[in-house]
Amino acid sequence: MDNLYRLAYVSSAKHLFSKAELLALLSQARDKNASLGITGMLLYKEGNFMQLIEGEKTAIHALFAAISADPRHHESVVMVDEPITERLFENWSMGFYDLADPALQTLPGFSPFMNRRLDSETFGDDPTGCMALFQLFRGDR
């Protein structure tokens, strides 16, 4: 696909999300992304989101504009916006992890790298760090 794009961003929730709110958000994202041919991964930790979306360039940028206007969060900062030749998450309408989940620390390969804050201060100097974090979950859900 000639027009395949990847966009990764970080944002802050206006309040801490409950498990029920996260599941509702995830369900909504999966349905919308599947209809748009968008794949990706959503990470959440202590009121911060980091999301990677992949798909057709126009669809990706339209989706990010809608996400940025969502009143549930603010301070959306794009970390990666680039053309790609293949998707990292080609089979996932939206993978998800809550990085504050204590069960995550029992997984093989758990790293303190996953305990970093999901914000532009952490990843702003080196946006490739956010891609490294997404890569850790590529083969999972």
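Y9 and F64 are both buried (under 20% relative accessible area, with exposed over 50% and partly exposed in between; 1.4 Å probe, protein chains only). The model is predicted: local features need pLDDT of at least 70, side-chain atom pairs count only at pLDDT 80 or more, and totals for chains, interfaces and linings use all residues. Residues are numbered from 1 along each chain as its sequence is written, and side-chain values use heavy atoms, leaving out hydrogens and water.

**Exercise 1. Count the aromatic pairs, then classify the pair of Y9 and F64.**

Step 1. Apply the rule: rings of Phe, Tyr and Trp (its six-membered ring) pair if their centres lie within 6.5 Å; planes under 30 degrees apart are stacked, over 60 edge-to-face, the rest tilted.
Step 2. The count is four aromatic pairs.
Step 3. The ring centres of Y9 and F64 are 5.2 Å apart and the planes stand at 55°, so this pair is tilted.
Step 4. Y9 sits in strand β1 (residues 4-13) and F64 in helix α2 (residues 57-69), so the pair ties together parts 55 residues apart in sequence. Helices (H or I, at least four residues) and strands (E, at least two) are DSSP runs, numbered from the N terminus.

**Exercise 2. Describe the pair of F17 and Y44.**

Step 1. This pair is tilted, with 6.0 Å centre to centre and 55° between the planes.
Step 2. F17 is in the loop between β1 and α1 (19-36), Y44 in strand β2 (residues 39-45); they are 27 residues apart.
Step 3. Check burial. F17 has a relative accessible area of 10% and is buried. Y44 is buried too, at 3%.

**Exercise 3. Which residues of α2 are buried, and where do they lie around the axis?**

Step 1. The buried residues are A59, I60, L63, F64 and I67.
Step 2. Viewed down the axis of α2, the buried residues fall within an arc of 130°, so they line one face of the helix. The arc is that of the directions from the helix axis to the C-beta atoms.
Step 3. Recall the geometry: an α-helix has 3.6 residues a turn, so residues three or four places apart point the same way.
Step 4. Look at the face turned away from the buried side: it carries the exposed residues T58 and A69.
Step 5. Find the cover. It includes β1, α1, β3 (48-56) and β4 (73-83), where contact means heavy atoms within 4.5 Å.
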